[in-house]
Amino acid sequence: MRYVVSQAKVLLSKSISIQAVSGFFLQDNCRDPASLGALPPRFGLIDESPERWSNLQSKISQMNRDPSRNEDSDGLLTVFYKVIFFGRHGQGWHNVGEAKYGTEAWDNYWSKLNGDGEIIWGPDPELTALGEEQARAASNAWRAELSYNIPVPNREARLCSPMTRAVKTHLLTFDFEDDEKEGKKKAIIVENCREVYGEHTCDKRRSKTFLLDHFPQFEIEGGISADSGVFTDFTEDDELWVADERETEVHLAARAEIVLDRIFGEELKGEDFISVTAHGGIINGFLNAMGRDAYSLPTGGVLPVVVRSTVTAS
């Protein structure tokens with residue numbers, strides 16, 4: 001079996017415990033995601049007051065400053081809270097293909113092809129016109145909350161899958177921001193934020209050169225490999241995707257945990273609000289890694305989660 005989580009990663013994960021914290025958003029305890037839809041009002045924030053986002057910011061800041069939080073032997077704080085907005089890409093042509101043939105036939109046959117003569121879904125399909133509309137709807141949802149002081153994650157606190165459908169969704173979603181204010185800061189394409197890979201051609205990414213040429217708005221970075229446990233550069237071609245094996249759920253959760261470790265690491269230490277634009281599979285990998293049930297987020301949807309990280313001795 002190719003996708004085996006390395007012992008190095010297992011040892012690393014023992015030092016950081018990451019858990020979802022409920023009680024802030026309607027999605028936290030929702031058993032029927034379809035009832036809320038892709039973009040519920042206020043992104044699902046339970047507080048409906050005009051001060052709702054300021055209240056949330058204050059609460060997160062208060063929890064992060066709470067002197068009762070655990071300290072290690074050196075007096076360093078060991079518990080941290082952040083809000084992560086998980087955004088799923090808008091509809092892609094692979095979603096159309098799966099709807100056309102049904103999930104069983106898609107998984108067993110069609111997903112392993114590049115298309116059917118009418119639709120092209122691999123490698124790395126584009127957004128459909130509906131997918132672009134869904135991304136713009138997400139942008140409008142953010143715009144609607146700006147007057148209520150929603151904390152839009154800074155560009156360096158916005159992580160994105162390297163798949164074209166996710167990158168374009170990110171660009172359309174955050175097209176309202178002030179370039180002059182953000183300056184030369186860039187969002188970050190992260191290899192470990194990509195969708196479940198292997199077998200399905202839609203999940204084979206394009207080259208690093210393609211991404212650099214077409215999306216100069218992003219930095220591109222590799223990350224710690226769930227296979228080896230060591231940092232791996234973002235390779236020119238996709239060396240992770242293989243045609244004969246699908247990534248396992250355990251391996252997927254390990255990849256997600258690596259990204260969560262980064263989110264709570266030194267690089268983003270001062271960022272309480274994070275954005276991750278990705279895919280349904282990896283988003284559920286994140287939820288799995290933080291001990292939360294899977295959530296069927298529709299294409300173009302946004303799922304905010306309050307997350308707690310507790311650092312313990314390894």
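Analyst: Before the layout of this predicted model is discussed, one term is needed: two residues are in contact when heavy atoms lie within 4.5 Å of each other. The angle between two elements runs from 0 to 180 degrees and is taken between their N-to-C directions.

User: Which strands does helix 3 lie across, and at what angle does it run to strand 2?

Analyst: Helix 3 (residues 52–65) lies across strand 2, strand 8 and strand 9 (302–311), and its angle to strand 2 is about 140°.

User: What is the order of the strands in the open sheet?

Analyst: The seven strands of the open sheet follow the order 1-9-2-8-3-4-5, and their pairing is mixed. Strand 1 (16–21) and strand 5 (218–221) are at the edges because each has a single partner strand, which leaves one side of each without a neighbour in the sheet. From one strand to the next, the twist averages 30°.

User: How do you know that strand 8 is paired with strand 2 and with strand 3?

Analyst: Two strands pair if at least two bridges are found between them. Strand 2 and strand 8 are joined in the parallel sense by six bridges, and Phe 86 stands opposite Val 276 of strand 8.

User: Why is strand 8 called largely enclosed?

Analyst: Six of the six residues of strand 8 are buried, so the rest of the structure largely encloses this strand. Phe 273, Ser 275 and Thr 277 point one way, Ile 274, Val 276 and Ala 278 point the other way, and all are buried.

User: What makes Thr 277 count as buried or exposed?

Analyst: A residue is buried when its relative accessible area is under 20%. Thr 277 has 5%, and therefore counts as buried. Thr 277 belongs to strand 8 (residues 273–278). Beyond its neighbours within four places in sequence, its contacts include Gly 87, Leu 159, Cys 160, Ala 166 and His 170.

User: Why is helix 7 said to be largely enclosed?

Analyst: Eight of its 10 residues are buried, so helix 7 is largely enclosed by the rest of the structure. Among them are Arg 165, Ala 166, Thr 169 and His 170.

User: How many cavities does the search of the whole structure find, and what surrounds the largest cavity?

Analyst: The search finds one cavity of 30 Å³ or more. The largest cavity has a volume of about 100 Å³. Its lining has 17 residues, and those nearest its centre are Gly 87, Thr 173, Phe 174, Thr 277 and Val 302. Strand 2 (79–88), helix 6 (129–146), helix 7 (164–173) and strand 8 each supply at least two lining residues. By class, the lining has eight nonpolar, eight polar and one charged residues.

User: How do you know whether Leu 287 is buried or exposed?

Analyst: The limit for a buried residue is under 20% relative accessible area. Leu 287 has 0%, so it is buried. Leu 287 is placed in helix 11 (residues 280–289). Not counting residues up to four places away in sequence, Leu 287 touches Arg 292, Asp 293, Ala 294, Tyr 295, Leu 303 and Val 305.

User: How much of the chain is buried?

Analyst: Buried residues make up 53% of the 314 residues. The chain comprises 11 helices and nine strands.

Definitions and conventions. Residues numbered from 1 in each chain as written. Predicted model: local features only at pLDDT ≥ 70, side-chain atom pairs only at ≥ 80, totals over all residues. Heavy atoms only, no water. Helix = DSSP H or I, 4+ residues; strand = E, 2+ residues; numbered from the N terminus. Buried < 20%, exposed > 50% of the residue type's maximum accessible area, 1.4 Å probe, protein only. 1 Å grid on protein atoms, 1.4 Å probe; cavity = no way out; pocket = protein on both sides within 12 Å on 5 of 7 lines; lining within 4 Å. Points joined across faces, edges and corners; volume = space filled by probe spheres on them. Nonpolar A, V, L, I, M, F, W, Y, C, P; charged D, E, K, R; others polar.
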